[in-house]
Amino acid sequence: MIADIENIRTYWNLRPCNIRHSRLPVGTVAYFDEVERRKYFVEPHIPSFADFSRWNGKKVLEIGCGIGTEAVNFARAGADYTGLDLSEVSLDIARTRFRVFGLNGQLIQCNAEYLLDAVGPDSFDLVYSFGVLHHIPCPERVVDGIRKVIRADGELRVMLYARNSWKSIMIDEGFDQPEAQSGCPLARTYTPESAAALLQGFRMTSMQQDHIFPYVPEKYVHHEYEKQPWFAAMPDEVFRALERRLGWHLLIKAMPV
Ligand SMILES: C[S@@+](CC[C@H](N)C(=O)[O-])C[C@H]1O[C@@H](n2cnc3c(N)ncnc32)[C@H](O)[C@@H]1O
């Protein structure tokens, strides 16, 4: 598939991220609660990376909010929240999510390559983007926009896929694919150096690796959590060490320079 923006939008509209984390009717409180439980069970590093409570009373911009799992947690923590996404289907679900939980937030449909047009020059305390920039044809343009909307003393928190990872090795060897869902039109990976080159105009304050997906995919899609035998045989502390060295998620915190 050609990775132009229309194909990318179509892809995410057909498969909003994590939409199948619950089999309950989409849009109910029980559905959203289960989506959140499953997401933070499979990706337990997210709440500490986002550090929701830190942003109480602060202006938060999320780029690529998807169906809004982090969005509602920023809003619950008292942030003045703005989220944007290319996929109107994802945003409709995120809007329903804010409504059913009685939360306030601004949700905007746009291509993040045109960030400044969508949110205007503003002064966000946090710009947060988890698993999004590597799916965008010109992420440099997004970073350029972020520089224009973030406060001088603001913080950027971003997750990029890691080149030096278990998952990349499995993809290279033909055992895996770039996304859990097949057919993703564009998914790049980054080394620490290429991530630093992307984040021009920012000074990285921390970079960590985390997250190896340990489950048998065929069982996982049926909500069964059976580990691959090679991970099941590993002591937890060995698996955690592997995640820190070869995790798929490059977790970056940075400040404008
Ligand atoms: C892997 S999902 C991550 C969603 C969310 N951050 C999460 O962790 O659940 C990637 C998201 O990026 C959005 N996206 C892709 N390209 C985009 C673009 N050019 N502008 C804004 N959002 C985009 C997709 O619609 C999708 O919701």
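**Briefing: sheet, helix packing and a pocket**

An open sheet of seven strands runs in the order β3-β2-β1-β4-β5-β7-β6, with mixed pairing, where strands (E, at least two residues) and helices (H or I, at least four) are DSSP runs numbered from the N terminus. The model is predicted, so local features need pLDDT of at least 70 and side-chain atom pairs count only at pLDDT 80 or more, while totals for chains, interfaces and linings use all residues. Residues are numbered from 1 along each chain as its sequence is written, and side-chain values use heavy atoms, with hydrogens and water left out.

- The edge strands are β3 (106-109) and β6 (202-210), each of which pairs on one side only, pairing being assigned if DSSP finds at least two bridges between two strands.
- Direction ignored, neighbouring strands of this sheet are turned by 15° against each other on average.
- Strand β1 (residues 59-63) pairs with strand β4 (residues 124-130) in the parallel sense over three bridges, and L61 has V127 in β4 as its bridge partner.

**Helix packing**

- The axes of helix α2 (residues 29-42) and helix α4 (residues 69-76) come within 10 Å and cross at roughly 100°; axes are lines fitted to C-alpha atoms, for helices over the stretch in contact, and angles run from 0 to 180 degrees between N-to-C directions.
- V35, E36, K39 and Y40 of α2 make the contact with T69, E70, V72, N73 and R76 of α4, contact meaning heavy atoms within 4.5 Å.
- The residues of this α2 contact with α4 comprise three nonpolar, two polar and four charged (Ala, Val, Leu, Ile, Met, Phe, Trp, Tyr, Cys and Pro count as nonpolar, Asp, Glu, Lys and Arg as charged, and the others, Gly among them, as polar).
- Helix α1 (residues 5-14) packs against helix α5 (residues 88-100) at an angle of about 40°, with the axes 7 Å apart, and the two helices are therefore oblique to each other.
- On the α1 side R9, W12 and N13 meet E88, V89 and S90 in α5, a set that divides into two nonpolar, two polar and two charged residues.

**Second largest pocket**

- The lining of the second largest pocket has seven nonpolar, two polar and five charged residues.
- Four residues of that lining, the largest share, come from α12.

Conventions: Parallel < 35°, antiparallel > 145°, perpendicular 65-115°, else oblique.
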